Amino acid sequence: MASVQQLSAIKDAKVLMVGAGGIGCELLKTLALSGFQDIHIIDMDTIEVSNLNRQFLFRQSHVGQSKAKVARDAVLRFRPKINIKSYHANVKDSNFNVDFFKQFSVVLNGLDNLDARRHVNRLCLAADVPLVESGTTGFLGQVTVHIKGKTECYECQPKPAPKTYPVCTITSTPSKFVHCIVWAKDLLFAKLFGDKNQDNDLNVRSNDTATSSEHSEDIFEPRKDEDIQQYANRIYDHVFGHNIQTALSNEETWKNRNKPRPIYVKDVLSDEPIQQNGNVDKLLANDNLSSLSAMAYLGLKNPQDIWSLKENSRVFFAALKLFFSKRQKEIGNLTFDKDDPLAVEFVTAAANIRAASFNIPLHSLFEAKGIAGNIVHAVATTNAIIAGLIVIEAIKVLQNDAKNCRMTYCLQHPSRKMLLMPVEPFEPNKSCYVCSETPLLLEVNTNRAKLRDLVEKVVTSKLGMSLPLIAHGSGLLYEVGDDLGKDEVANYEANLEKVLSELPYAITGGTIITVEDLQQELVCNINIKHREEFDEEKEPDGMVLHGWTPAPAAENNKEATDNNGASTSSTSKPASADVMEADDELSIVEPGVETLPAGGKKRKLSDVPNSEAPIDEKRAKKIPKENDGDDVIVMLDDGNDDDITAS
């Protein structure tokens, strides 16, 4: 039972939640039922059909609506007297600045990507507001506490480059081939050959209800008066043509994106018949269903060839025809199997056609099969457990009880007879350029590299700054902001194309430049060291930044985490923190070795050695892996899309 002190801390707290997805729904419910009276939620995402199996505040009627607003309304129905304010917006919007963050007692993150996490971490540091981070991947999860000056910040340790993507990206705005693979595999293949009664996001809703219902009603059910080819043509036109055309009607979505192009059968194949291999009769007479192949049917031989749009369309139709003519009994019960040649061919073709629509490079069947991998779906129970742990740590923070705060890992299998593994947080890393303001060192050829290279390859991509300002002494070289005049913008744009040593305030060896993000209130000094040559293979950027520690490549050091913050290792043990996304995300992850504090003991802040060696080398020991599997595509929880949103 809560003490009087705990109840007082809860009642007086003003809480900011960033993300209303898988973790966010559970977290908002738990906060409300725990007695919190003033809760604010930021999330720019909208509800997808695929969210409904675990984001329990949402219903079918809510699809397409704001997650933050619907979550607020749902909780107010059973806690009508509390104050919940929702923001359907991007957490990186300029109005969510340091002053905005200062009004809160604690910030609780349920984000899906590294960039957004770093952004919130920096705002919390600048506002001196405690941050509770969280993440889940399947049965794995973790909660970490970050208090300025007392514990390490979110960026004190290197984070793996995320390979995670939310479902809203897959269904609406794909930008990578893996998005198309998952769409073809988890949505289209499942809808055509699996349970046809399942709901998914293939029936895009348009603003014209009549038009939408005309195209979506029983679209995947064969009609009595059509043959297989007519049915295939109708499906093709719906998913690659009509759905794309309908999506284009939402002009807001495409303001900052390249628009896709609808693809219809008549545009690709006209009226020409599908050319078949001369041995097609022998192929169809074969009773070995596992050997059926659209490639063999069409006479295509090399799985490493990249098919044209026309060839992909032919494979699509051939595979669909073979499924309905030779494997009819399996229709309605099929699930994707990467060892099923026909299934892989269908998914490859469908993914490539969608990729062509969104101007994404096409891939061979060999490459597509490797990407498809295995799917590990988000688990609602893990989200609920993590949400409970977030609230527990938040209450400790609100009581100024930092000494009892814990980083807690949720495991799939018991370790030391525990499924929840608490670890004492570490003190700030003195080498962290974010919370310790340690200068960085940049090796660069100042006579060759342009200011644009510095901005794109270092300031935005590595340092994660949104509104950067670059200065040399009192001279301003570059700035981003809405309040700049036309002359200033033109001047800074011109500077981008100048070589560093030829700028108005020249950047040469020995120069110290200041890089600042006005929104994040982060200032970083970079020492410049001139270097003539770089290894194009090992140093492709043509510059090397020291002091900013990128995550070691997963294949080399065998450590990987998801962008949701949870470990992505195939084993179920405590993880290092980062990564990503989860409002249904999916992430390609490599098998890893997870870590525990050295000796398996909880460590106190004072126990962390004060040395120049990276903290994570001394704070953990390797734990044997249970198995080494293939790379996996994981459907994660709590995220958004690649635009850096809260979910």
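This is a predicted model: local features need pLDDT of at least 70, side-chain atom pairs count only at pLDDT 80 or more; totals for chains, interfaces and linings use all residues.
Residues are numbered from 1 along each chain as its sequence is written, and side-chain values use heavy atoms, with hydrogens and water left out.

T144 is part of strand β6, residues 140-146 (helices, H or I with at least four residues, and strands, E with at least two, are DSSP runs numbered from the N terminus). T144 counts as buried because its relative accessibility is 3% (buried is under 20% relative accessible area, exposed over 50%, partly exposed in between, with a 1.4 Å probe and protein chains only). Leaving out residues up to four places away in sequence, T144 touches L131, V132, E133 and M407 (contact means heavy atoms within 4.5 Å).

F336 sits in the loop between α13 (309-326) and α14 (341-357). With a relative accessibility of 17%, F336 also counts as buried. Its contacts, again not counting residues up to four places away in sequence, are K185, F189, A343, V344, V347 and A372. F336 and A372 are 36 residues apart in sequence, and their C-alpha atoms are 9.6 Å apart in space.

D453 belongs to helix α17, residues 451-460. D453 is partly exposed because its relative accessible area is 21%. Beyond residues up to four places away in sequence, D453 touches V458 and M543.
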